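Me: I have a model open and want to learn how to read its features. Can we go through them one by one?

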Amino acid sequence: MKTIISDIATYLPSKIVTNDDLSKILDTSHEWIYTRTGIEKRRVSAENELASDLGIAASKKILEQTNLNPLDIDAIIVSTTTADRRFPSCACRIQGAIGASRAFAFDLNAACAGFIYCLAVADSIMKSMNLKNILLVAAETLTKFVDWTDRSTCVLFGDGAGAALLKASNDESKGIIATKLYCDGEEEKYNSILSHSGSQNGNRGYTTMAGRAVFKYAIEDMTLSINEILAENNMTINNVDWIIPHQANRRILESMCKLKGFPIGKVIITTRDHANTSSASIPLALKEKMDEGQVKQGDTLLFTALGAGLVWGSAIVKL
Ligand code: ACO
């Protein structure tokens, strides 16, 4: 039995904020942001538009696309670092809003690596619990969790959501081939590389980041996970059609290819229009490139991501 990605849908808030817009409120410029990150614009959710609202919109689209009866959804897993509330979870709100009343539902927070962590968990419970349909939603509103006066962080992030319908299938020729997850919560990485202080700071904390350290760990750790997952599955990069990494920063991806020898022509990069949407960035990139016809059914995809924790990992999936 295999877990396949049967369909994917996305939702982006309507408000577009360009680098030029930011240069009117911050001491920054389009040139600085674009040359260092590849980001040109980002979507910003409205004040009353929460992560679960983005997730509900993406989930409704996938139900429309697939004609799936919501009562046939067995489980909803939501990847988010920006949940509306401490509790209940975004997953519960989405379950209620789409009428998936048979589904159990929970959030999973693995920061920017959340989509890959969720794929691993979904694949595992699909098999161990004998499920048929799992809705995996990645919904993020990081623009609500940055300090808009801190030019070194706020320019990097955007909001968005992706929903993937995962199905149990007897077709062994496609689906999730492998997942590999890592964590290093050593004190410096936990505290100072990338974090949001949350309740440690009376809930008023903002995202803080050591940009150069993130850059370095992203390259080293994503490379490690790519090399290990390929080796463990007797594959090489030649067996992969597309590498779809977490879309934090174009320069991280270009440097990783240059330093580690990955073929840049196989790397999907969509940072320009979305900025860093945390765990929503992989489904957003996948959907965009499927709609453009670049990524096709039958392609072998390698997802890879690193996020706050540090957590990171990779997954190999045949569409
Ligand atoms: N506009 C103009 N100047 C800026 C801006 C800005 N938006 N932000 C910082 N600067 C200034 C700094 O103040 C500094 O000025 P100074 O020299 O007078 O002190 C100067 O630019 C250089 O700052 P650095 O931080 O050294 O710049 P660097 O070249 O390292 O680039 C960047 C910063 C783009 C953040 C880089 O470190 C990077 O790409 N890091 C990866 C971070 C990332 O992508 N994080 C995403 C979240 S993590 C994740 O998703 C995995």
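Me: Let me start with Ala111. Is Ala111 buried or exposed?

Reply: A word first: this is a predicted model. Buried means under 20% relative accessible area. Ala111 has 7%, so Ala111 is buried. Its backbone deserves a look too. Ala111 is not a glycine, yet has a positive phi of about 45°. Ala111 sits in the loop between strand S5 (104-108) and helix H5 (114-128).

Me: Which other residue has a positive phi although it is not a glycine?

Reply: Asn67 has one, at about 60°. Asn67 also lies in a loop, between helix H3 (51-66) and S4. Its relative accessible area is 71%, so Asn67 counts as exposed.

Me: Staying with the backbone, which peptide bonds are cis?

Reply: Look at omega. The bond from Phe87 to Pro88 is cis, with omega near -5°. Pro88 belongs to the loop between strand S4 (75-79) and helix H4 (90-98). Gly309 and Leu310 are also joined by a cis peptide bond, with omega about -5°. Leu310 is in the loop between strand S12 (300-307) and S13.

Me: Now the rings. What describes a pair of aromatic rings?

Reply: The distance of the centres and the angle of the planes describe such a pair. This structure holds three aromatic pairs. In one of them, the ring centres of Phe104 and Phe106 are 6.4 Å apart and the planes are at 5°, so this pair is stacked. Phe104 has 33% relative accessibility and therefore counts as partly exposed. Phe106, at 26%, counts as partly exposed.

Me: How far apart are the ring centres of Tyr182 and Trp312?

Reply: The centres are 5.2 Å apart. The planes are at 5°, so Tyr182 and Trp312 are stacked. This pair links distant parts of the chain. Tyr182 is in strand S8 (residues 175-183) and Trp312 in strand S13 (residues 311-318), 130 residues apart. Tyr182 is buried because its relative accessibility is 13%. Trp312 is buried at 7%.

Me: Which charged side chains lie over the face of a ring?

Reply: Check the charge against the ring centre. Lys216 lies over the face of Tyr217, 4.6 Å from the ring centre. Arg250 lies over the face of Tyr34, at 5.0 Å from the ring centre.

Me: On to the ligand. How many residues surround the ligand?

Reply: The ligand is surrounded by 22 residues. The closest are Thr28, Arg212, His246, Asn249 and Asn276. By class, the shell has twelve nonpolar, six polar and four charged residues.

Me: Which elements give two or more residues to the shell?

Reply: They are helix H2 (30-37), helix H6 (151-154) and helix H8 (211-232). H8 gives the most, with four residues.

Me: One last residue. Where is Ile33?

Reply: Ile33 lies in helix H2. Its relative accessible area is 0%, so Ile33 is buried. Its C-alpha atom is 9.8 Å from that of Asp20, 13 residues apart along the chain.

Terms used
Residues numbered from 1 in each chain as written. Predicted model: local features only at pLDDT ≥ 70, side-chain atom pairs only at ≥ 80, totals over all residues. Heavy atoms only, no water. Phe/Tyr/Trp six-rings, centres within 6.5 Å; stacked < 30°, edge-to-face > 60°. Buried < 20%, exposed > 50% of the residue type's maximum accessible area, 1.4 Å probe, protein only. Lys NZ or Arg CZ within 6 Å of the ring centre and 35° of its normal. Near = heavy atom within 4 Å. Nonpolar A, V, L, I, M, F, W, Y, C, P; charged D, E, K, R; others polar.
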